[in-house]
Amino acid sequence: KMNNNIETFKLQHVALEFKVNEVKQTVTAIEKFIVPKFNFKFTTVGVSKLNTEKGDTFDVETGKKLARAKAEKEAFSRFKAEMKKFLKWNMALDEKVSATIEKMDNYIAHQKEYIKTF
């Protein structure tokens, strides 16, 4: 369940280009994205192909919408995977920080006892 009150990292659309192949009856969307907070940039591709088995007719505008939706779905998937990697790294870092704090507590306690000997 998503908490809508928490701010999330943003995935930002940068550029979109379409390539239409009338012969193959395909539309390709090439979309560029950035995650500004991490300056993480990537490109995704979505392809819409005519499905003649369904009796569809080639429509460039519908193809563009479908191709872009596929490119964006891929972008969301990649962004999610990167966030999962970041979370794993962050959890490992959290453990190291906690262990270091505990070690410093021990060192401080030792130094306090040592200082008392003077």
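Visitor: Is Glu 61 buried, partly exposed or exposed, and why?

Guide: Buried means under 20% relative accessible area, exposed over 50%, and partly exposed in between (1.4 Å probe, protein chains only). Glu 61 counts as partly exposed because its relative accessibility is 48%. This is a predicted model: local features need pLDDT of at least 70, side-chain atom pairs count only at pLDDT 80 or more, and totals for chains, interfaces and linings use all residues. Residues are numbered from 1 along each chain as its sequence is written, and side-chain values use heavy atoms, with hydrogens and water left out.

Visitor: Which side chain meets Glu 61 in a salt bridge?

Guide: A salt bridge is a side-chain nitrogen of Lys or Arg within 4 Å of a carboxyl oxygen of Asp or Glu. The partner of Glu 61 is Lys 64, at 3.9 Å, N to O. Both lie in helix 1, three residues apart. Lys 64 is partly exposed, at 24%.

Visitor: How many salt bridges does the whole structure have?

Guide: A search finds five. One of them joins Arg 68 and Glu 72, with the closest N and O atoms 2.8 Å apart. Glu 31 is linked with Arg 68 and Glu 72 in a network.

Visitor: What span should helix 1 have?

Guide: Helices (H or I, at least four residues) and strands (E, at least two) are DSSP runs, numbered from the N terminus. The expected span is 1.5 Å times one less than the number of residues. Helix 1, residues 60-116, has 57 residues, so it should span 84 Å. Its end C-alpha atoms are 82 Å apart, which agrees.

Visitor: Which residues of helix 1 are buried?

Guide: Gly 63, Ala 67, Ala 71, Ala 75 and Phe 79 are buried.
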